[in-house]
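Trainee: I have a new structure to look at. Can you walk me through it?
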Amino acid sequence: VGRLFWDMALAELAANEAESLDKEELTRLLDAIRMRELVYRRERSTFAETEEYVFKHALLRDVTYETVLLKLRRVYHRQVAGWLEAVAGERLGEYLGLIAGHFELAGDLSKASEYLLRAGDRARLDYAHQEAIEYYQRALAFLKEQGELAYAARTLLKLGLVYHTAFDYQRSRQAYEEGFSLWRQAEGQMPSIPSLPAPHALKLFKKLPLTL
């Protein structure tokens, strides 16, 4: 789950195991590692009806993580992402980046891209430029890998906007130029739509201008 974790998230992971844990047994196990000062329980939990814990050291969490079989990690990360989606409720916006990270580690690049773009949009509107750039760049890499040129082009235009707002005009221009280039490539992949006989209304089919 991360250095910060919740008992109900652990219960979600344990639910699909051969030997599932009930809440009482899970609490007993968590109390045992608390007594050894491996983790601490926080006074307040982010989510209702959960207990929130934190590893004493990030290194301890990392060593523990390495003991999990590789084939199980993707399964667990997908479960954690689903749990966070379900419990975040109105606070989902605060956890978009975290959920994206779990989908990324689960190997679900489509869902990871979706949440990275949403996290980037939120950061951009909050003028958190560096965060927005990081989210958009990660999403861009996945979109290109999946061949989603139209979405990649749209992301580049957003990235250009962030750079421009941050007064980095050179990178802004580069992002815009690459975005327009990808739009042209994406247009080549789109099926041609026959024009209606004139006179008729001008219709643009989800296409942006190719130049400024």
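Trainee: What does the accessible surface of the protein chain come to?
Mentor: About 13800 Å². Carbon and sulfur atoms account for 54% of that surface. Keep in mind that this is a predicted model.

Trainee: And what share of the residues is buried?
Mentor: The protein chain has 212 residues, and 33% of them are buried.

Trainee: How many helices and strands are there?
Mentor: There are 9 helices and 3 strands.

Trainee: In what order do they run?
Mentor: From the N terminus, the order is β-α-α-β-β-α-α-α-α-α-α-α.

Trainee: What about contacts between residues at least 6 apart in sequence?
Mentor: Of those contacts in the protein chain, 51% join residues at least 24 apart.

Trainee: New topic, rings. How many aromatic pairs turn up in the whole structure?
Mentor: The search finds 8. One of them is Trp 6 with Phe 47. Their ring centres are 5.1 Å apart, with 55° between the planes. That pair is tilted.

Trainee: Where do Trp 6 and Phe 47 lie in the chain?
Mentor: Trp 6 is in strand β1, residues 4–6. Phe 47 is in the loop between β2 (39–41) and β3 (52–55). The two residues are 41 apart in sequence, so their pair ties together separate parts of the chain.

Trainee: Are those two buried or exposed?
Mentor: Both Trp 6 and Phe 47 are buried.

Trainee: Why do Trp 6 and Trp 83 count as buried?
Mentor: Buried means under 20% relative accessible area. Trp 6 has 2%. Trp 83 has 7%.

Trainee: Which residues do the ring pairs link into a cluster?
Mentor: Trp 6, Phe 47, Trp 83 and Tyr 95.

Trainee: Now charges. What lies over the face of Tyr 65?
Mentor: Arg 61 does, at 4.5 Å from the ring centre. The charged end of Arg 73 also sits over the Tyr 65 ring, 4.5 Å from its centre.

Terms used. Residues numbered from 1 in each chain as written. Predicted model: local features only at pLDDT ≥ 70, side-chain atom pairs only at ≥ 80, totals over all residues. Heavy atoms only, no water. Helix = DSSP H or I, 4+ residues; strand = E, 2+ residues; numbered from the N terminus. Buried < 20%, exposed > 50% of the residue type's maximum accessible area, 1.4 Å probe, protein only. Contact = heavy atoms within 4.5 Å. Areas by Shrake-Rupley, 256 points an atom, 1.4 Å probe, with all protein chains shown as cover. Phe/Tyr/Trp six-rings, centres within 6.5 Å; stacked < 30°, edge-to-face > 60°. Lys NZ or Arg CZ within 6 Å of the ring centre and 35° of its normal.
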